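Biologist: I would like to go through some of the labels given to this structure. Please set each one against its cut-off.

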Amino acid sequence: MTGQTTVRHTAPPDVRRDRPTAVPERTGAPVAEGEARLVTGEPGCGRSRFLDRAARAFTAGPVVYVRADPDSATVPHAGLRALLRLSAEPRAHRPAVPPPDGLDGLDGPSADAALRSALRAARADGPLLVCVDDAHLWDPASRAALGRLGRDPRAAGAVSLLLTAPGHRPVDPEFAGIPPLRLDPLTAAASAALLDEESGGSVDRGVRDDLVAEAEGNPALLLALLRSLTPAQLRGRAPLPRPPADAEILTGLVGGCLSALTAEEDQVLLTAAAAVREAEDDSAAVAPVRRALARLTGGAPAARLDPPPELLVLSDGRLRFRSALVRRALYARAGERERRAAHRALAAQEAGLPGLLHRAWAVPADATTVADGAAAALATRLAAAAADPAVPASPRLRCAALARAADLTGDGRDRARHRLAAAQQALLAGQPHRALRLLDAVRTGAPGAELRGRAELLRGAALLRDGPVDEARATLLLAKSLLAAHAPAAALAATLGAADAAWAAGDVPGCLEALAEGRGEQGRDGLSGTPAGPGADTPAGTGAGAAGPAASLPSGDDVLREHRRGMLALLERRFEAAVRSLRRVVDGAAPGDRVETLLRAAAAALLMGDLVGARGAATAALVAARTQGEAAALGPALEYLAYTELRAGRHGLARTHAEEGLRAAHRAGQRNTAAHHHAAQALAASIDGDADAVARHVRHAQEISLRHGLAQAATLAEWALARVDLGEGRPAEAADRLGPLVRPGPGRGHFAVWMLAVPCFVEAAARAGRGGSAGPVVEEFAEWARFGADPQAPAQLLRCRALLAPPDRADGLYESALALHETAGGDFERARTEFLYGQWLRRRRRLREARDRLGAALVGFERCGARAWAAQARAELRANGTSAGGARAGDLSALTPQQLRIVHHVAGGATNREIAQALTVSTRTVDYHLRKVFAALGVRSRVELARLVEQTEKTPAHP
């Protein structure tokens, strides 16, 4: 009846090893208890693998897993019969439902009742997960019953439901109303990991990058490409076919959805595919496509735009393919003559750069390899239009136009210039792999020193975003040496980029050397359009770096020169000179400036601790990047915003920026930028008290940092782990983790980060009884506080001194620190000082004063979402004799109903696993609530908790 049907009652012990790179990574359970999800996505996106992983990961109860059989799609109730049979098999007794073969005469309500009864019996007393793969292939009656269950899964008890159906076709009416869960494409890193896993790491790095770019995140296409290559091609010893994804591979993946098309439908879809080939949003206006079809068919009735709705969507005057893979297959399977005809018809309807590009794609293939005067003239016009800033076009469209102009150009030097300009636009569009391949072509063309220098400048910019930063630094220094005699301003940009790379690696001597080499470079040059956005590992997020290499300036080279001077003065501890130069950079920027200028201003503002200026410049850069289609600048701009809000104490907003920035970095292939967004999310989550999220983001940040030498992101991630320890009341562990980062020595953390972590270390050391080890770093921190780059530093310095001071001085230092917090702002840092002061007062039995300070700390922590610290404040209040609401310490009435249930199970001697099974939750949930209970009641062990429960139950209630 079905293709593959299985039932699992327990997940295998190696569930987490089920090839997690084969589908897009997702955190948390895909479906909650008593809920349903319809898992969709492109053909080949990994729906079946995702469902299999979800089934393996489900440990709370039995799993019923059914894979539909296409041959049974016309057999009434075939799918439902298979599901009922599988639901009955695990039990010693069969559920009270009609035999599967007797379902054909049932109406809808009877079939629903049979299904729900079977599922209740299958789940026994615990939850049940039902997985139906390719549910759209079930017969109509079974789909209807399954859809009704999906809209109300709680009717069958604690049943969770996961269905899969393709996302390149309309949702079946039977499944309407079931919340969708769409699988996104794999990130570049996940795609590369999948290739390494499948090939045992034997694929050449360059070939792997080519395959990852060609697959565009589709796992099935990626594996099909891998299997289509010869061993010599996989090792980089033979050229890859062009294109790697040929028509046979693409049409094989999309299945039979193209086989039933009529000739008229084929023509409509091919014309639409040609129209959106390089569109920024993968859509095109309906009107020119309609006119192009009329031209192709001579005005025949078939020219009306009436495409198959399962493939193409028309909305608000625009058309869009439901699936990018289907669009690629349609375009690839058409003959060259048909494709050229479609582009020629579209060229007659489109004006400006899109029309010229369609004309260029209509040029015969042989015109790109032989001298052709008409093709060369078209290439000149195309390149000129693409380079004209007055022509409205996205970087992606400009890149396509310049690359095509290079193909149609016979002159080697002009071809190299066009490819170089195309690479610039590819970087702006967030297509680093495309940029690197264009730069490879420039290098093989034997250009002169200037063109090669500009190519190396762009290569270094790409490596800063996604590559080893030591390699980026060497590349940029090479660019500087090649450009020094020909383009001084571009050489200065390369110098700054090399300094950025050294900064990211934590290499102070390398940073000073690069900056000093640029001192004598002045002048301007004519290269326009080269991105100056942050290198993939820009340090400015922590107030410690510049925005990355730029090959052009908005109004000269003053921005780069002043930024270089400011960075150099800062590293040489000439703080007043540093502020003067950096202030000029910030004050010279305004909304409406070019993206790179605004990013430089945001970086300079963070270096000075000007959070208002940093927020304004980064926000303006984000708006400009979105407006101008510069996808490469989105991740860096959001990185600045995330770190700005972290330093301002607005951790929830910082987390939001970092989440969005991480998505932008993944889309643009910027793993180094992604590492910083992971670090920012880890720092924010360490305040929220989300230890699982901290661990997850730290792992990702450290993986990238280790591979690419990102000392700064690694230090930030380590700091986040220490803040978790400190927030959960483990000061000794926090001091052990932070000590090597902040104390002098070879293991010291990144120079732009360790100073920010000093207050955490001093607090941890003092609370762990190791205050003597913190004295030397406090004096170094005092110098940092005098610089004024961190508004919180003066108050933090006094707090650190109070923690280490004798009792007769600590009181006044705490009071002075709180006075400085009034002017510095920031709920979190002020609340930390209030908390430590209140703790100090309580231990000296000044209980009324302690209550006031601890209460203020609790309010501050709750206001900024610092849940772990808030729990500590409540525990201190209870130790002081009152709870946050005025109740006595140890008052069980302050707990939530779920926490009370867990407490009574603990008092009865149950383990966390036994509690989880009794309450139908995960052991992680039990552990989370138990930590909160310990903090709220001021107990430190299960024995103390059981004793408290016993005492509470013996104590009569007050009347």
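Modeller: This is a predicted model. Seven aromatic pairs are counted in it, a pair being two rings with centres within 6.5 Å.

Biologist: Why is the pair of F828 and F861 called tilted?

Modeller: The ring centres of F828 and F861 are 6.0 Å apart and the planes stand at 55 degrees. Stacked needs planes under 30 degrees apart and edge-to-face needs over 60, so 55 degrees makes this pair tilted.

Biologist: What makes F828 and F861 a link between distant parts of the chain?

Modeller: F828 belongs to helix α37 (residues 827-843) and F861 to helix α38 (residues 847-863), and the two are 33 residues apart. Both F828 and F861 are buried, a term for under 20% relative accessible area. Ring pairs also join F828, F835, F861 and W869 into a cluster.

Biologist: Why are α26 and α27 called roughly antiparallel?

Modeller: Helix α26 (residues 611-628) packs against helix α27 (residues 634-648) at an angle of about 155 degrees, with the axes 9 Å apart. Angles over 145 degrees count as roughly antiparallel, and α26 and α27 are therefore given that label. Their crossing is left-handed.

Biologist: Which residues make the contact between α26 and α27?

Modeller: On α26 they include L611, A614, A618, L622 and R626, and on α27 they include L634, L638, L641, E645 and A648. The residues of this contact divide into twelve nonpolar, two polar and four charged.

Biologist: How do you know whether D316 is buried or exposed?

Modeller: Exposed requires a relative accessible area over 50%. D316 has 78%, so D316 is exposed. D316 sits in the loop between β8 (312-315) and β9 (318-321).

Biologist: What is noted about the phi of D316?

Modeller: The phi of D316 is near 55 degrees, a positive value in a residue other than glycine. Most residues other than glycine have a negative phi.

Biologist: Where does R573 lie, and is R573 buried or exposed?

Modeller: R573 is in the loop between α23 (558-571) and α24 (575-587). With a relative accessible area of 52%, R573 is exposed, the cut-off being over 50%. Phi of R573 is near 65 degrees, again positive in a residue other than glycine.

Biologist: How many helices and strands does the protein have, and what share of its residues count as buried?

Modeller: The protein has 43 helices and nine strands. Of its 959 residues, 55% count as buried.

Technical notes: Residues are numbered from 1 along each chain as its sequence is written. This is a predicted model: local features need pLDDT of at least 70, side-chain atom pairs count only at pLDDT 80 or more; totals for chains, interfaces and linings use all residues. Side-chain values use heavy atoms; hydrogens and water are left out. Axes are lines fitted to C-alpha atoms, for helices over the stretch in contact, and angles run from 0 to 180 degrees between N-to-C directions. Helices (H or I, at least four residues) and strands (E, at least two) are DSSP runs, numbered from the N terminus. Angles under 35 degrees count as roughly parallel, over 145 as roughly antiparallel, 65 to 115 as roughly perpendicular and the rest as oblique. A crossing is left-handed if the near helix is turned anticlockwise from the far one by less than a right angle, and right-handed if clockwise. Contact means heavy atoms within 4.5 Å. Ala, Val, Leu, Ile, Met, Phe, Trp, Tyr, Cys and Pro count as nonpolar, Asp, Glu, Lys and Arg as charged, and the others, Gly among them, as polar. Buried means under 20% relative accessible area, exposed over 50%, partly exposed in between (1.4 Å probe, protein chains only).
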